[in-house]
Amino acid sequence: NKPSLGGAAAAPIHFDTGVANFISLKIDVASTDYYFTFVANHTTTLTTIGAKFAVVIGPAAQLSVNRQASGAQGGTPFTTQPIVKLADAGGNELSSGSVTVTASANKGTLG
């Protein structure tokens, strides 16, 4: 997964009394190898690099179907069983947790 930087980083931040104050920056993909590069265009281009930091997987926030069920015949198990994925708000898959998932069969138009 390619990470995306979100929050107030999309718009240029203006210096106020010599300080550019970023708010609500966020990265969606968990990793331990991140760092920020900051660039200011003044009379010349000024650049600085921040220290490395990690983004950890957050709490469960979404559930998605990774594999659909198929091969159904009345009264017998599906030949391909469904698989669901539990992920945080950034789409990072949770590898463990005490979340119980149940299935229910429905009929009709999806919606």
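Trainee: What is the mean pLDDT of the protein?
Mentor: This is a predicted model, where local features need pLDDT of at least 70, side-chain atom pairs count only at pLDDT 80 or more, and totals for chains, interfaces and linings use all residues. Residues are numbered from 1 along each chain as its sequence is written, and side-chain values use heavy atoms, leaving out hydrogens and water. The pLDDT is the predictor's confidence in each residue, from 0 to 100. Here 92% of residues reach 70 or more, and the mean is 85.

Trainee: Which strand has the highest mean pLDDT among the elements?
Mentor: Strands are DSSP runs of E, at least two residues, numbered from the N terminus. Strand β1 (residues 5-6) has the lowest mean, 74, while the highest, 94, belongs to strand β6 (residues 53-55).

Trainee: Why is the pair of Phe-36 and Phe-38 called tilted?
Mentor: Rings of Phe, Tyr and Trp (its six-membered ring) pair if their centres lie within 6.5 Å; planes under 30 degrees apart count as stacked, over 60 as edge-to-face and the rest as tilted. The search of the whole structure finds 3 aromatic pairs. In this one the centres are 5.6 Å apart, and it is tilted because the planes meet at 45 degrees.

Trainee: Is Phe-38 buried or exposed, or in between?
Mentor: Buried means under 20% relative accessible area, exposed over 50%, and partly exposed in between (1.4 Å probe, protein chains only). Phe-36 has 23%. Phe-38 has 30%, so Phe-38 is partly exposed.

Terms used:
Helices (H or I, at least four residues) and strands (E, at least two) are DSSP runs, numbered from the N terminus.
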